[in-house]
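This report goes through one structure, part by part.

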Amino acid sequence: MMFTPRVTQKIAFGVLLAASLVVLLPVGVVVFVILKNGLGAISWEFLTEMPRSGMREGGILPAIVGTFCLVTGALLFALPLGLFAAIYLSEYAGDNRLNRVIRLAIVNLAGVPSVVFGLFGLALFVNFFRFGASILSGSLTLGVMILPVIITSSREALESVPKSFREVSLSLGATRLQTIKHAVLPHALPGILTGTILGVGRAAGETAPILFTVAAFYLPKLPTSLFDQAMALPYHLYVLSTQVPNVEAKIRYGTALVLLAIVLLMNLTAIAIRSYFRSRKKW
Amino acid sequence: MEPVIVTKNLNLYYGHFQALKDVCLSIGERRVTSIIGPSGCGKSTLLRVFNRMNDLVEGAGVTGEVLLDGEDIYRPETDLLRLRKKVGMVFQRPNPFPISVFENIVFGLRIHHLYRRNKEMLHGIAQESLEAVLLWDELKDKLGRLATHLSLEQQQRLCIARLLAVKPEVLLMDEPCSALDPLSTGRIEELMQELKKNYTIVIVTHNMQQAGRVSDETGFMLLGELVEFGPTERIFTAPGDKRTEEYITGRWG
């Protein structure tokens, strides 16, 4: 049977629309299920208290604090390093063999499975540097994992700053470093920030990299130093779901909800920053 | 009269392509010199020789001499930052930074650490520079406004003010009016006459009438060659070269 072009067009449109809706479906279901089962667990007590009776009761405060520490540590490590690398690659680096290798390495780093980062962190930070299973090791491991995200998004942000800004600055007698500092970075900052927050959001939700490097199974106290072990939300969720018998469903889903909310909040912040600056910029 | 800029047998190459061929000219102090010619003839390239902005192009190489106040600016020991402070540039499209008017003007001062955290002095220079481009009255209450929200003409004036703030001696203008309407163009041209009292101006333009209106000397370029250079009036009334005559009478170009 033959269709007219008009009918073909309509069918194609329908198929494309259906594909988009199917993508929406899992998102909707995930949010719905977690909200429905987890909302009942959320209370002030749940957010601010230690777990009790083998995690079957009480709150998840140490996991929240642990995740917060890990994310902050990863950020402190990865942002300066990633930003410097991005500046070098987009502002200074020519097209030679070394720089091509660096760029290739970054692309590949982004594709490494997160469990491999976990093993890497175990080998390098925990064992070789003897940091032990600690917040320091976990933060560094997560930092290495989000490094390519930060470098790539920072490079894109830097390269989207018009060439004319650099030209003007140089023509006014600025050095290249001054040009980067005064004429390029300020205008790339929103993009860099957005990319960084997205990277950090990813770090907050990862389980595998912290599995061997920091995560404590059950540690009902807050960490006091960088060399302490800590609980973290994603790992806590894994433990609750598979390792501890007879945990109420609402505690599991409540934990998932908190984790989801944190990640969502970060992404929303990123989107807000981006749209705020997009409305201001005009070049 | 001592010339400010002199080029001797200037050749410029982009890789294997020769963009400037044996250019010899001399530019007088506090005069407006215009460079005209069809697109791609090398006039912008020539302009960018004078502040060495061509250095940014990979594979660009120069032979011959370019003297600024008697000193060859292509000597290896040339201080590029000082050179560019002395020889400023206005670009084809107004390109203020998307920050406030005030911050735009003092950008160069901050770069050159000329202010020593003295707010009054910064403000004084900002006022002086805006007055010099006849923008002070319009903008004195709007110094905090985003510069990119000004009209194109105001933006271009602001860019000139930003340049004047670092106290250059030579102003290079690369088709400064090509993004502006005729009225704005006329006012910028008036401004150039005003600036001429204190600065040496070199302007590249594809608009021959503009060259005729604003400049004292004119050079005509074709395919990287400076075909003819002389007083504007003579170039336009009695060109010495057949090619110049054909260009300015509009036979092609």
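In which loop of chain A does Asn246(A) lie?

## Basis of the report

This is a predicted model, in which local features need pLDDT of at least 70, side-chain atom pairs count only at pLDDT 80 or more, and totals for chains, interfaces and linings use all residues. Residues are numbered from 1 along each chain as its sequence is written, chains are lettered from A and ligands numbered from 1 in the order in which they are written, and side-chain values use heavy atoms, with hydrogens and water left out.

## Two loop residues with positive phi

Asn246(A) lies in the loop between α10 and α11 (249-280) of chain A. Helices (H or I, at least four residues) and strands (E, at least two) are DSSP runs, numbered from the N terminus. Asn246(A) is not a glycine, yet its phi is positive, about 60 degrees. Its relative accessibility is 71%, so Asn246(A) counts as exposed. Buried means under 20% relative accessible area, exposed over 50%, and partly exposed in between (1.4 Å probe, protein chains only).

In chain B, Leu134(B) also has a positive phi of about 60 degrees although it is not a glycine. Leu134(B) sits in the loop between α5 (119-132) and α6 (136-139) of chain B. Leu134(B) counts as exposed because its relative accessibility is 52%.

Val239(A) belongs to helix α10 (residues 233-242) of chain A. With 1% relative accessibility, Val239(A) counts as buried. Leaving aside residues up to four places away in sequence, Val239(A) touches Met55(A), Phe217(A) and Val244(A); contact means heavy atoms within 4.5 Å. Between Val239(A) and Ala261(A) there are 22 residues in sequence and 19 Å in space, C-alpha to C-alpha.

Glu167(A) is placed in helix α7 of chain A. Its relative accessible area is 15%, so Glu167(A) is buried. Which residues does Glu167(A) touch, not counting residues up to four places away in sequence? They are Arg48(B), Met53(B) and Phe91(B).

## Cavities

The search uses a 1 Å grid over the protein atoms alone: a cavity is a set of points where a 1.4 Å probe fits but cannot get out, a pocket is an open set with protein on both sides within 12 Å along at least five of seven lines, and lining residues have an atom within 4 Å of a point. Grid points are joined across faces, edges and corners, and a volume is the space filled by probe spheres set on the points. There are two cavities of 30 Å³ or more by this rule. The largest cavity holds about 60 Å³. Its lining includes Val168(A), Ser171(A), Phe91(B) and Arg162(B). At least two lining residues each come from α7 (163-171) of chain A and from β6 (87-90) and α7 (152-164) of chain B, and α7(B) gives the most, with four. By class, this lining has eight nonpolar, two polar and one charged residues. Ala, Val, Leu, Ile, Met, Phe, Trp, Tyr, Cys and Pro count as nonpolar, Asp, Glu, Lys and Arg as charged, and the others, Gly among them, as polar.

The second largest cavity has a volume of about 30 Å³. Two or more of its lining residues come from each of α3 (61-92) and α8 (176-205) of chain A. Of these, α3(A) supplies the largest share, three residues. Among the residues lining the second largest cavity are Thr67(A), Leu70(A), Glu206(A) and Pro234(A). This lining divides into eight nonpolar, one polar and one charged.

## The largest pocket

The volume of the largest pocket is about 710 Å³. Chain A elements α3, α7 and α8 each give two or more residues to the lining of this pocket, with the largest share, four residues, from α7(A). The lining has 20 residues, and those nearest the pocket centre are Lys163(A), Arg166(A), Leu170(A), Arg176(A) and Leu56(B). Eight lining residues are nonpolar, four polar and eight charged.

## Chain B as a whole

Chain B contains 11 helices and 10 strands. Its C-alpha trace spans about 55 × 45 × 35 Å along the principal axes. Of its 253 residues, 55% are buried.
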